[in-house]
Amino acid sequence: MSGLRPQRTPVNRAAVARAAVALSAPLAVGFAADRPVYGALASIGALSGVIGDTADAYRMRIFNIAVPQVFGAVGVTLGTLVYAQGWLTVAVLTAVALVSGMISSIGAVASASGLLLLLNAVIGSGLPLPRPWWTAPLLLGLGGLLVLALALLGWPLRGGAPERSAVARAYRAVADLLAAAGGDTYDERRRAVTQSLDDSYDLILARRARDHGRNPMLVRLLAQLNALVPVVEAAPAAHQRGRPLPAAVPAAVRTLADAVERGRSGPYEPHLPQPATPTERAVDHALRHATTVVLGPDPDPHNVDDRLGRPAALGTRVRRTTRDVLFSEASWRYGLRLALCIGLAQALVSIVELDRSYWVALTVTFVMKPDFGSVFSRAVGRGLGTVAGLVVAAAVLAEVPRGWWDVPVMIVLGGLIPAFSAKGYAFQTAAITPVILLLSDLINRQGIGLVRARLVDSLIGCAIALVAGYLLWPESWHSRIGDRLADSVDHAASHVALAFGADAGRGERARSRRRLYRDLSAVRSEFQRALTEPPPAGTRAAAWWPLVVAVERIADATTAARVRVDYGAPAPTRSEVDEVVRHLRELAGDIRSREEPAVVRTPLEGEERSVLEPLRQEVTAARTIASPSGAPGP
């Protein structure tokens, strides 16, 4: 399985150091004060903060770490109040699971908050935590605040550095894209550009929504991102030439990336060859405009377009989100699945005697996070990662005496969590398991006997998630990824009509293009997740995968055609555009129907010298892939 292969990602050394300090320091304080249980609880709170410490920008770290801690405090309070209460515990945890699952659909921070709400509720209901009731949430919160304080240490010295680095990474990704134009790695580079631009825009716009007025630094960074868009738009046209661009072109973009990251300005004239074709003129003009924006004076804050649109006011977003959660079928479906699994897990351990059986519900909670990946692959990864982690935990519990020796052990094990988390879910599980077991042992003092019980509990939890959270739900076996792809094809058709429409302005076309590429990026992620599912869902995803690539190429061809028109190529006629749009609409219908068309449709033809000819070729290729003989139904 691909999920069991380590991902090639760089290790964040700062995160490793923060994790080592945050997890070991509370233990040291606890031993010094002769309160090891208190130290263990604070370290558990720090563990949740370490897991959520994934943002680059300092302001985003506050939300990623602090907001889930509030939900975690609520969760552990509820769990503590129903500790050892039998069926009342089952009912409360099931209700908490429903709420946790529903709010997880809002976004990344809400997902982490929902996870911590349920996890801490399970811990509070399963472990004999110190009394009074407010002791546990206070200690867990202090551990999370320690992680937050460590994460914000560099803010006074590096306030805007993460935002500048994000925009600079986008420029470097575009430089790699231009260097790959005309080559085999272009598609891969284009996907990296889409992701980098999405991340950068999300970061800049989210912070601007919280800042009062117009922060000059953010205005400048947003203008620099906007200036990069024409360069990205020119890339598909350059790729269609079939030969590499001059080396001076990507080199100029890398020079601009360095200038963005260092925050410098000043005179710079890129040494570019004289353009001769519409494509070359598009690349030249876009690069010179980006140079002026990056190295020129600060832009007028009232003339900077947010492109994707500034987020709405906080109150509007809260009302909109609440409405979406309460009336969303997907939100209720996931909430009910998670509630069913947690209810079954807690009911089982209430009937069957299992030693410290809260681990069963913990396992279910971690596995049943579809926004983190495939439930099936996570269940398998959880099982294998737990076994690997238990081997380490057994060695520690058997050989290391309880007491001050736990502090250096926690320094090592804590630092491994962010390093292994970047490698994949199974590796993250292997790193977290010995940490949780060591901290649990400090609370309930079971020693080496804890290892066997945790293995049994983990396997039971994985089995419940697979059966009640996966096999019993038809959507697991009859994935609707085809419908999701069909929606993207409809979006592509609308974008083609807008791109060559007489009434659309350049800003409107740019926003439509960015939304299309963002949508296709989300579709690719959904398909990649579906590929890890067992048959038939995984088989269907594999059959439709070539069409995902084909639709991305349609988006590229549309962008390239629009750029050539902007720089001198003859514009297509209205009938040509309407014909392409019609075929795309029919393609979306074919994907949804999964049936043989009743009549033979006319092929997509036109003037070979037309600017739309490459687009017509891509649409024809996509329709061939989507023909009933070429792919199964979704």
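**Ground rules.** Residues count from 1 along each chain as its sequence is written, and side-chain values use heavy atoms, with hydrogens and water left out. As this is a predicted model, local features need pLDDT of at least 70 and side-chain atom pairs count only at pLDDT 80 or more, while totals for chains, interfaces and linings use all residues.

**Confidence.** I looked up pLDDT (the predictor's confidence in each residue, from 0 to 100). The protein averages 79, and 81% of the residues score at least 70. Residues 305–311 fall below 50, yet this stretch has 24 contacts beyond near neighbours in sequence; contact means heavy atoms within 4.5 Å. Residues 629–634 also stay under 50, and the model gives them 17 contacts beyond four places in sequence. Where pLDDT is low, the predicted coordinates should not be read in detail.

**α1 and α2.** I took helices as DSSP runs (H or I, at least four residues; strands are E, at least two), numbered from the N terminus. The α1 and α2 axes come within 7 Å and cross at roughly 165 degrees. Axes here are lines fitted to C-alpha atoms, for helices over the stretch in contact, with angles from 0 to 180 degrees between N-to-C directions. The two helices are therefore roughly antiparallel (angles over 145 degrees; under 35 is roughly parallel, 65 to 115 roughly perpendicular, the rest oblique). On the α1 side the contact includes Ala19, Leu23 and Phe31, and on the α2 side Pro36, Ala40 and Val50 are among the residues. By class I get 12 nonpolar, 3 polar and no charged residues. Nonpolar covers Ala, Val, Leu, Ile, Met, Phe, Trp, Tyr, Cys and Pro, charged covers Asp, Glu, Lys and Arg, and the others, Gly among them, are polar.

**Between them.** Asp34 sits in the loop between α1 (13–32) and α2 (36–52). I found a positive phi of about 60 degrees there, although Asp34 is not a glycine.

**Cis peptide.** Which residues does a cis peptide bond join? I found Arg131 and Pro132, with omega about 5 degrees. Pro132 lies in the loop between α5 (108–126) and α6 (135–151).

**α9 and α11.** Helix α9 (216–240) and helix α11 (278–295) have axes that come within 9 Å and cross at roughly 165 degrees. That makes α9 roughly antiparallel to α11, and the crossing is left-handed. Arg220, Ala227 and Pro230 are among the α9 contact residues, and α11 contributes residues including Thr279, Ala286 and His289.

**α20 and α21.** Helix α20 (481–499) packs on helix α21 (506–531) at about 165 degrees, with axes 10 Å apart. The pair is therefore roughly antiparallel, and its crossing is left-handed. The contact divides into 11 nonpolar, 4 polar and 7 charged residues.

**Record check.** The unreviewed UniProt entry lists "transmembrane region" for residues 70–99, 106–127, 133–155, 383–405, 425–443 and 455–473; such annotations may be inferred rather than shown by experiment. In the model, residues 70–99 are 83% helix and 0% strand, with end C-alpha atoms 15 Å apart. Residues 455–473 come out at 89% helix and 0% strand, with end C-alpha atoms 26 Å apart.

Notes:
Left-handed = near helix turned anticlockwise from the far one by under 90°.
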